[in-house]
Amino acid sequence: MIRFGPAGIPLSCKGRTLKDGIEDVHNLGLTAIEIPMVRAGTIERYPEEEEIGLCIAELKDGLVVEFIRDDIPICDPSEPIGEDDVLVRMASGIADSYGSLIPIGKMAERLDVKISLHTPYFMDLGSNNELTERSLNNIRHCGVISNALGGDIVTTNLGLYKDVNDTAETDANIIENVAAIMEWWTENNIKTRLGVEITGRQEAFGSLEQVLSLCDEIDGVVPVINFPHHHSRTRGSLMTSADFKDILEKAEPYCSGSIHTLFSGVEYHDGNERRFTPIKKGDLKFEPLAETLIDLKRDATVISGSPLLEHDAMYMKVIHERVLTKRVAKVIRAKKKDEASAAEADAEEE
C-alpha cells in the first residue's frame, strides 16, 4: 500500500489540534500524517501532593513524558511517581496529557491514518555539547510520544559539520550517540522505528551513503528518503524512474517492510537545498516516482513537505492513481489482444 499525507496539520483544517488534523486527513482521503515537533522544549517541576503515587498516564496537567529519579529518566507510563521525582513536561501543544495520546492513536488506527513524528529540524549529535544532550532528549521524548500514539516512525536529522574537510570526529560522535539512543530505545520497549533522514546540504551529515552506512553500523536504524534533499545534495540527480528506483532499492533492505519518504518541489544551488516549493515548480517531478513505487510493489509512505501541504499530498495521490490506472488498462488491452489472437487461431484450425 502507498500512503500519502501532509507534514503537519492540514492548512485547511479548522481545528489546530492533532485530533482535528487526523480527522481532517481522513476526510481528505489521505492515510498518513507527520507531526513536526517544532516546540520540543521541556519544563521541569516537582509533583503536586495529589500526583504522588500516580503514573504519567494518569496525570491531567500537561504532557508529562517522563520523570527524573536519581538523575535517571523514567518513561514507563505505569511506574508510580515519587515525591522526590522531577516531572518533565513538554511545551508542545500536541496533546493535553500523556493519557490523551492513547485514544488519539486508537482513533488514527480506526481511521487508517499512519502517524509519524519529526524531531526539531536543528539537531546536533556530533559535537557532544549542551545542544547534543538536548537533541538526544528530543529524540527520546519523540519516541515516548510516538510509542503512546502507536506511531510508525520518528524521523530525525543528526547535525552539521564544523569543518566539511574534517568530519571524522563528528562522524564518530554521531555513531556513538545514535547507538546509545537505540540501546535506550530497546531497553524502554519503544516499538516506533527510528529513522535518519537524508539531508539537503553538504555541511550536514546525511548523504544517502552516510545514512545507509549508519544503518549498517547500528541495528534498528532505518533510512528516511527525503527526495528533495537528495535531489539538491546530488545537484539534480532524480530525473527518471531509474534514478528513483536506484535509491529505493538501496534503501529498501533497511526499511523493516515499509519505506518512509518525503516529497516536494525544491529550489537548490551548488549541491545545497534553498527551500521546498510546490511540486509543480522546479525540475523534481513526481510522475517518475509514482511509476517506480508501482513497479517495486513495496509498502511506502510519502509525506508532502510542500508549502501546499495537503493539496500536494492529494495531488501525488491523484498522479499515483492515474499512473496505476494506465498500467491496469494496458494489461487489460494486452490480455484482450491475446485472447482475440487465440480465438482467431482456434477458428482457423476448425
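Colleague: How do the axes of helix H7 and helix H8 cross?

Modeller: This is a predicted model, with local features needing pLDDT of at least 70 and side-chain atom pairs pLDDT 80 or more, while totals for chains, interfaces and linings use all residues. Residues are numbered from 1 along each chain as its sequence is written, and side-chain values use heavy atoms, without hydrogens and water. The axes (lines fitted to C-alpha atoms over the stretch in contact, with angles from 0 to 180 degrees between N-to-C directions) of H7 (residues 241-251) and H8 (residues 287-296) come within 8 Å. Helices here are DSSP runs of H or I, at least four residues, numbered from the N terminus, and these two cross at roughly 50 degrees.

Colleague: Which residues of H8 make the contact with H7?

Modeller: Contact means heavy atoms within 4.5 Å. From H7 come Ser241, Phe244, Lys245, Leu248 and Glu249. The H8 side consists of Pro288, Leu289, Glu291, Thr292, Leu293 and Leu296.

Colleague: Is serine 232 buried or exposed?

Modeller: Serine 232 sits in helix H6 (residues 227-233). Beyond four places in sequence, its contacts are Gly200, Val266, Tyr268, Gly271, Asn272 and Glu273. Buried means under 20% relative accessible area and exposed over 50% (1.4 Å probe, protein chains only). With a relative accessible area of 0%, serine 232 is buried.
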